[in-house]
Amino acid sequence: MKYLIRAFVLGLVGYVAGVALTLAIRGGSATDEVVVVFGFILALIGWLAGIGGIEAFGRQWIGKTPQVSTDRTWRRYFQFSTDHKGIGIHYGVTLLAVLLIGGLSAMIIRIELATPGMSIVDLEEFNKITSMHGILMIAVAVAGIIGAFGNYIIPIQIGAADMAFPRINAVSYWLVPPVAIGLLSAPLLGSFSAGWTAYAPLSVIGDSGQILFNMAIISFGLSSILGGLNIIVTVITMRAPGMTWGRLPIFTWAGFATAILAFSVTQFFAAVLVLVTMARVAGTDFFGPEVGGGIMYQHIFWFYSHPAVYIMVLPGFGVILEVVTTFARKPLFAYKAVVGSLLTIVGLSVVVWAHHMFTSGMADFLHAPFMILTEAISIPTGVIFLSIIGTLWQGKLWFRTPLVLAFGWLFNFLIGGITGIFLADVATDIHLHDTYFVVAHFHYTIVGGSIFALLAAFFYWFPKITGRMYNDTMGKIFAIWVTVAFNFTFIPLFWVGINGMNRRIGEYPHAYESANLFASV
Ligand code: HEM
Ligand SMILES: [Cu+2]
């Protein structure tokens with residue numbers, strides 16, 4: 001506890017110092033954005049120092065041996081502990097809290113959408129709530145499986161004692177709470193309404209809460225990059241003797257593929273947010289019509305954010321593949337093809353980004369190649385699907401909670417993937433873009449593909465992590481309930497989307513009323 005309190009105190013001191021320093025240099029008021037930026041940076045440094053950075057890194061800088069806590073009791077969760085299992089649990093608990101907060105915002109959204117007019121919030125607030133919901137949930141999906149189970153399970157699967165850079169790993173985790181605090185305190189400065197995508201120029205002119213969004217997400221990016229680096233180096237250099245590449249457990253392969261992506265593309269989102277921040281506080285003009293324009297923002301943003309959808313879903317593939325091999329009591333079908341597919345997806349995922357921009361006015365000659373490349377991704381994805389089915393085929397299925405969730409996952413992700421192909425087709429996308437069809441598609445892929453796998457991973461590894469068994473009947477009831485509830489909520493959105501209901505708008509014509517009411521309930 002002592003360290004956590006010190007982290008809060010030093011974080012606060014950092015914030016005040018950053019604000020005071022900036023005010024002393026340039027004057028102005030404490031809510032000016034540039035003041036907040038420097039406050040945030042120093043607060044982050046103070047926070048990391050307070051939580052244990054002083055002992056773990058600082059001592060080394062003055063020639064002493066660094067110290068990290070070797071505490072194995074619950075106290076390790078309140079300080080800078082480098083144990084990979086502790087960090088995994090830490091990620092899990094923290095992101096669960098974020099998931100619940102994100103869930104509350106989803107309920108506000110659905111209550112508002114239950115009726116056509118505006119009922120509980122106004123149009124501006126609606127956009128702020130959906131933006132907050134979006135970014136919180138994206139954070140959970142990006143870091144959930146890989147942060148919690150990647151950290152806990154990968155070193156065990158390859159026979160390593162810990163991660164390659166344990167202190168860096170602790171930094172990755174401890175960057176996350178300030179991200180959550182930053183995002184959740186954005187409403188103090190008027191929140192942000194440019195969506196989770198923070199498209200410029202909206203994000204350049206929107207309320208000041210956007211600046212906290214930018215700083216928080218840049219920090220989150222740093223955390224992802226360091227986390228990715230750690231997994232890559234760990235898997236390459238720390239495998240136990242005999243653990244050859246051809247024997248790596250499939251979850252480790254999936255985590256490795258994810259880490260390559262996280263390590264190589266996250267910079268682009270962070271960089272473009274730096275540009276937005278510069279445009280807001282330093283008067284630069286990167287997104288004006290004469291220079292790059294909003295289109296340039298979108299290119300850089302999607303160069304991260306399309307691969308990011310695979311950062312969310314590849315660990316999910318890994319979990320489901322592990323679950324089906326265990327509960328079908330058979331070795332994985334077509335192991336080599338699956339590994340090849342994972343790596344092919346990594347490669348292809350960085351050359352399809354512009355399928356998010358078919359209607360944005362980018363050059364016409366780009367449409368066809370991006371359409372074809374996007375559709376090509378469904379081939380390796382299909383191979384992984386076939387492997388899952390091939391593993392289940394004629395297996396002695398043992399219906400426990402993780403397997404039930406894996407079936408839910410299969411169903412949902414199939415719908416998510418197939419609707420993706422409709423969106424990737426330029427002709428259909430022109431109609432479907434920016435409708436609830438897209439919203440339904442990405443909820444089927446992200447909730448269906450990543451969150452369902454997170455739940456499956458939770459039940460699958462729960463006995464190993466806690467040494468206790470959950471009640472399997474309750475688990476199965478839960479698994480069936482989430483599958484049904486999820487589908488009842490999102491299936492209607494395809495229908496209203498095809499019929500043209502726009503996303504991100506709190507009002508809609510009466511024709512969509514009954515389907516929306518159904519989804520809300
Ligand atoms: C075969 C696989 C997939 C294909 C072909 C595909 C295709 C597409 C296309 C073309 C769009 C743009 C639609 C539009 O804005 O008009 C889109 C949106 C989206 N997809 Fe997918 N997708 C696939 C899988 C996934 C997966 C696995 C995820 C996540 C785990 C995902 C997450 C998203 C998200 C978040 C968006 C919307 C972003 C936004 O505009 O806010 N997709 N998808
Ligand atoms: Cu995409």
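Colleague: Which domains does the assignment give?
Modeller: The domain assignment of the protein gives domain 1 (1-66) and domain 2 (82-520). This is a predicted model.

Colleague: How do you know that domain 1 and domain 2 are in contact?
Modeller: Contact requires heavy atoms within 4.5 Å. By that test, 17 residues of domain 1 are in contact with 18 residues of domain 2. The C-alpha centres of domain 1 and domain 2 are 31 Å apart.

Colleague: What does Trp 409 touch?
Modeller: Leaving out residues up to four places away in sequence, Trp 409 touches Phe 317, Ile 320, Phe 385, Ile 388, Gly 448, Gly 449, Phe 452 and Ala 453.

Colleague: Why is helix 6 called mostly covered?
Modeller: Buried means under 20% relative accessible area, and seven of the 10 residues of helix 6 (residues 176-185) are buried. They are Val 176, Pro 177, Pro 178, Val 179, Ala 180, Gly 182 and Leu 183. What covers these buried residues includes helix 2 (33-61), helix 3, helix 4, helix 5 (166-174) and helix 8 (209-237).

Colleague: Why is Phe 478 called partly exposed?
Modeller: Phe 478 has 29% relative accessibility, so Phe 478 counts as partly exposed. Phe 478 lies in helix 16 (residues 472-498) and touches Leu 455 and Phe 459, not counting residues up to four places away in sequence. The C-alpha atoms of Phe 478 and Ala 406, 72 residues apart along the chain, are separated by 13 Å.

Colleague: What makes the nonpolar surface patch of about 480 Å²?
Modeller: The patch is made by Leu 104, Met 107, Ile 108, Ile 111 and Ile 120. Residues of a patch need over 30% relative accessible area. Ile 111, in helix 3 (residues 84-113), has 49% relative accessibility and counts as partly exposed.

Colleague: How do you know that Glu 55 and Arg 6 meet in a salt bridge?
Modeller: The cut-off is a side-chain nitrogen within 4 Å of a carboxyl oxygen, and for Glu 55 and Arg 6 the N to O value is 3.0 Å. Glu 55 lies in helix 2 and Arg 6 in helix 1 (residues 2-26), so the pair ties together parts that are 49 residues apart in sequence. Glu 55 is buried, with a relative accessible area of 18%, whereas Arg 6, at 25%, counts as partly exposed.

Colleague: How many salt bridges does the structure hold?
Modeller: The structure holds seven salt bridges. One of them joins the side chains of Asp 32 and Arg 26 (3.3 Å, N to O). Asp 32 is partly exposed, with a relative accessible area of 25%, and Arg 26, at 45% relative accessibility, also counts as partly exposed.

Colleague: Why is the pair of Lys 128 and Asp 207 said to tie together parts of the chain?
Modeller: Lys 128 forms a salt bridge with Asp 207, with the closest N and O atoms 2.8 Å apart. Lys 128 lies in helix 4 and Asp 207 in the loop between helix 7 and helix 8, so the pair ties together parts that are 79 residues apart in sequence. Lys 128 counts as buried at 17% relative accessibility, and Asp 207 as partly exposed at 35%. Glu 124, Lys 128 and Asp 207 are linked in a network of salt bridges.

Conventions: Residues numbered from 1 in each chain as written. Chains lettered and ligands numbered in written order. Predicted model: local features only at pLDDT ≥ 70, side-chain atom pairs only at ≥ 80, totals over all residues. Heavy atoms only, no water. Patch = residues over 30% accessible without salt bridge, like charges linked within 9 Å, V, L, I, M, F, W, Y side chains within 5 Å. Areas by Shrake-Rupley, 256 points an atom, 1.4 Å probe, with all protein chains shown as cover. Helix = DSSP H or I, 4+ residues; strand = E, 2+ residues; numbered from the N terminus. Buried < 20%, exposed > 50% of the residue type's maximum accessible area, 1.4 Å probe, protein only. Domains from an automatic or database assignment.
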